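Dear colleague,

Please find below the structure I promised to pass on to you. My notes on what was found in it follow directly after.

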Amino acid sequence: MSSVSEKKDFMKKVNIIIDTREQKNAHIVAVLDEIGIMHESKKLDYGDYSFQIDGKDFSGICVVERKANVNEIYGNVSSDRERIEKELDTASKNANQLTFLIENVQDWNALKSFSLPEKDMDKGRKVKNIGETCYSTLQAWKCGNRYDFNVEFVPDITKTAVKIVEIFYWYYHNYKKLTAPRR
């Protein structure tokens, strides 16, 4: 089967699972609906998105943790650190693949250089270059001897749903190859 027909088959059969706690994701749901991908809301133990296909549930095995922007990541690493590290620790011990998907950021360099505009600085907030804090923390966390996850960037949020489907497709593609009977 060619990869194009294999991907089309995957897209017809896959059911994207969206964690019930996931918020502000109408742009993702709209694109999934537009391209005809099944989806449902269900509580996930960790991560925001996972998938099911052909009766197999990958929700504990392959997950995507979506972050809408640098501000959300900064909130996680500064004021919500204990919760996010607990979730990452659980995922790293149970999932084969965890992908941190960061929207509204081009790449690692853009993340590292992100600074808050003066008008967005809180009176109590002393850190302007929050991107550098996020960059350093994610670099440390993603290492194999810490939480072992991948980081992907989606600068255009209209492409987030497609990126999520692509991550799951390639995981499933490899899963099928690894579990295929040997000749």
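Where is the place of N104? It is in the loop between β6 and α5, where helices (H or I, at least four residues) and strands (E, at least two) are DSSP runs numbered from the N terminus. Before going further, please note that this is a predicted model, in which local features need pLDDT of at least 70 and side-chain atom pairs count only at pLDDT 80 or more, while totals for chains, interfaces and linings use all residues. Residues are numbered from 1 along each chain as its sequence is written, and side-chain values use heavy atoms, with hydrogens and water left out.

N104 is not a glycine, although its phi is positive, at about 65 degrees. Its relative accessibility is 48%, so N104 counts as partly exposed, on a scale where buried means under 20% relative accessible area, exposed over 50%, and partly exposed in between (1.4 Å probe, protein chains only). D54, another residue other than glycine, has a positive phi near 50 degrees, and D54 is placed in the loop between β3 (49–53) and β4 (56–57).

Turning to α3 (70–78), its buried residues are V70, I73, Y74, N76 and V77. They lie on the same side of α3 because they cover an arc of only 160 degrees around the axis, the arc being that of the directions from the helix axis to the C-beta atoms. These buried residues of α3 pack against β5, α4, β6 (97–103), α5 (108–112) and α6 (130–141), with contact meaning heavy atoms within 4.5 Å.

The largest pocket holds about 400 Å³ of space. A pocket here is an open set of points on a 1 Å grid over the protein atoms alone, where a 1.4 Å probe fits, with protein on both sides within 12 Å along at least five of seven lines, and lining residues have an atom within 4 Å of a point; the volume is the space filled by probe spheres set on the points, which are joined across faces, edges and corners. The lining comprises 16 residues, of which R21, E22, Q23, D48 and E72 lie nearest the centre of the pocket. β5 gives the most to this lining, with three residues.

As for the cysteines, the count comes to zero disulfides, a disulfide being a pair of cysteine sulfur atoms within 2.5 Å. For C134, the nearest cysteine sulfur is that of C143, 16 Å away. C134 is buried, with a relative accessible area of 0%, whereas C143 counts as partly exposed at 34% relative accessibility.

With best regards
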